[in-house]
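Please look through the sequence and the model below before reading on. The numbered points that follow are meant to be read with the structure open beside them.

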Amino acid sequence: MAKRAKTASTKKSATRSTKTKSTELSTSCVDVAFEDGIAWVTLNRPDKRNAMSPALNREMIGVMQALELDPRCRVLILTGAGTAFSSGMDLKEYFRERDGQDFITIRRIERDAEDWQWRMMRAFPKPTIAMVNGWCFGGAFAPVVGCDLAIAADDAVFGVSEVNWGIIPAGNVAKAVAETMSSRNAMYYLMTGETFTGKQAAEMGLVNKSVPKRSLKNATRRLAKNLLQKNSAVLMQAKHALKAVQAMDDWEMSADYLHAKGDQLKIMDTEDARAEGLTEFLDKKSFKPGLGHVSEKKK
Ligand code: ACO
Ligand code: V55
């Protein structure tokens, strides 16, 4: 402790993260870096406010396929380079330039976007966090809601801006908005195209919370580190189960489904987190499950 306080530079090195860019996974539009179990995935077209072009979408499919199997990724954080999280679909490359192409090509361009923005996101076997650092418009709502959790900068600016330029929020943007915002707020922002801040997004429940921009990375890292403490099989079953029962109207069906997912977990979880949790609480009395995870106490 005393050593660390000696000089500013030693203090800095003591807290320096081991975040390293992955040269093999980074692409022309996406930057990937690993840091202690976290994969930082940064939409990287800052000059275009990280607008999602067909090329970016194809690259994101590849990045997510790789990260799914990569043990260096145990939590995925999605964010944007520069002033934007993402300005939505690329109006030039995704819309104007696809006009006039055949319908099969158009459908493929749309499917590439949707595959990573919500289909792969929702199925991703590891926790995902959207870190909304700035502008977030239209199509960008799909990956924000596609991620399990979201944290925004207080002053990030959101807008369901499709109607402002003459289309409806497709690509499951309206669905994403309907699932996370109240009916009144969803309809209000979808019809007016009015912007709202990260702080308002948190109040409305579109994101989990908002923090001042200067603390955004640390707050997101802290959340990721909480998730890193947990058993990965338990987390995967829990997130997929929640998404599945969200779509079920019948309580008998959801109850049965959840029992089945829990039983499936016993086969998947070779570490047997459940047995260890029971032993540590009931026998060793070494932690309180209501107040934190077993491994926090073990350290
Ligand atoms: N698609 C294509 N290019 C874009 C997009 C986009 N969605 N957003 C920004 N750009 C480009 C601009 O054309 C400009 O390019 P240029 O430098 O080659 O001229 C560059 O990014 C910078 O944009 P500015 O508008 O100058 O940046 P500024 O910081 O002033 O404004 C803002 C940022 C508010 C995000 C603005 O760019 C904007 O309104 N973008 C569109 C937002 C939007 O409504 N997106 C579509 C939603 S609908 C959907 O996604 C389906
Ligand atoms: C939109 C988004 C899309 C799409 C078509 O929100 C329209 C507008 C996310 O993909 O394919």
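1. In which strand does Phe 196 lie? Phe 196 belongs to strand S10, which covers residues 195–197; here helices (H or I, at least four residues) and strands (E, at least two) are DSSP runs, numbered from the N terminus. With 19 other C-beta atoms within 10 Å, Phe 196 is partly exposed, where a residue counts as buried if 20 or more other C-beta atoms lie within 10 Å of its own, as exposed if 12 or fewer do, and as partly exposed in between, with C-beta atoms placed from the backbone. Not counting residues up to four places away in sequence, Phe 196 touches Phe 158, Tyr 189 and Ala 201, and two residues are in contact if their C-beta atoms, placed from the backbone, lie within 7 Å.

2. A word on how to read the model. It is a predicted model, in which local features need pLDDT of at least 70 and side-chain atom pairs count only at pLDDT 80 or more, while totals for chains, interfaces and linings use all residues. Residues are numbered from 1 along each chain as its sequence is written, and chains are lettered from A and ligands numbered from 1 in the order in which they are written.

3. As for the overall form, the protein chain holds 15 helices and 11 strands. Its radius of gyration, taken over C-alpha atoms, is 21 Å, close to the 19 Å that the globule rule gives for 299 residues, so the chain is as compact as a globular protein of that length; the rule is 2.2 Å times the number of residues to the power 0.38. Along the principal axes, the C-alpha atoms fill a box of roughly 65 × 60 × 35 Å, and 35% of the 299 residues count as buried. Among contacts between residues at least 6 apart in sequence, 67% join residues at least 24 apart.

4. The chain is divided into domain 1 (14–228) and domain 2 (232–283), with bounds that come from an automatic or database domain assignment. The centres of the two domains, taken over C-alpha atoms, are separated by 28 Å. Seven residues from domain 1 and five residues from domain 2 take part in the contact, and the side of domain 1 that touches domain 2 has three nonpolar, no polar and four charged residues. In these classes, Ala, Val, Leu, Ile, Met, Phe, Trp, Tyr, Cys and Pro count as nonpolar, Asp, Glu, Lys and Arg as charged, and the others, Gly among them, as polar.

5. The largest nonpolar core has 66 residues, and those with the most contacts inside it are Ile 77, Val 132 and Cys 136; such a core is a set of buried Ala, Val, Leu, Ile, Met, Phe, Trp, Tyr and Cys residues joined through C-beta atoms within 7 Å. Leaving out residues up to four places away in sequence, Val 132 touches several residues, among them Phe 85, Val 144, Gly 198 and Val 207.

6. Which residues come nearest to ligand 1? Of the 18 residues around ligand 1, these are Ser 87, Gly 88, Gly 138, Gly 139 and Ser 161, where a residue is near a molecule if its C-beta atom, placed from the backbone, lies within 6 Å of it. Helix H4 (91–95) and strand S7 (135–137) each supply at least two residues of this shell, which divides into six nonpolar, six polar and six charged residues.

7. Around ligand 2 there are 13 residues, the closest being Ala 113, Gly 139, Ala 170, Gly 171 and Val 173. Helix H5 (residues 103–123) gives the most to this shell, with four residues, and by class the shell has six nonpolar, four polar and three charged residues.

8. Is Arg 74 buried or exposed? Arg 74 counts as buried because it has 20 C-beta neighbours inside 10 Å, and its place is in the loop between helix H3 (54–69) and strand S4 (75–80). Apart from neighbours within four places in sequence, Arg 74 is in contact with Gly 37, Lys 126, Leu 228 and Ser 232. The C-alpha atoms of Arg 74 and Ser 232 are separated by 7.9 Å, although the two residues are 158 residues apart along the chain.

9. Asp 36 is found in the loop between strand S2 (30–35) and strand S3 (38–43), and it counts as partly exposed because it has 14 C-beta neighbours inside 10 Å.
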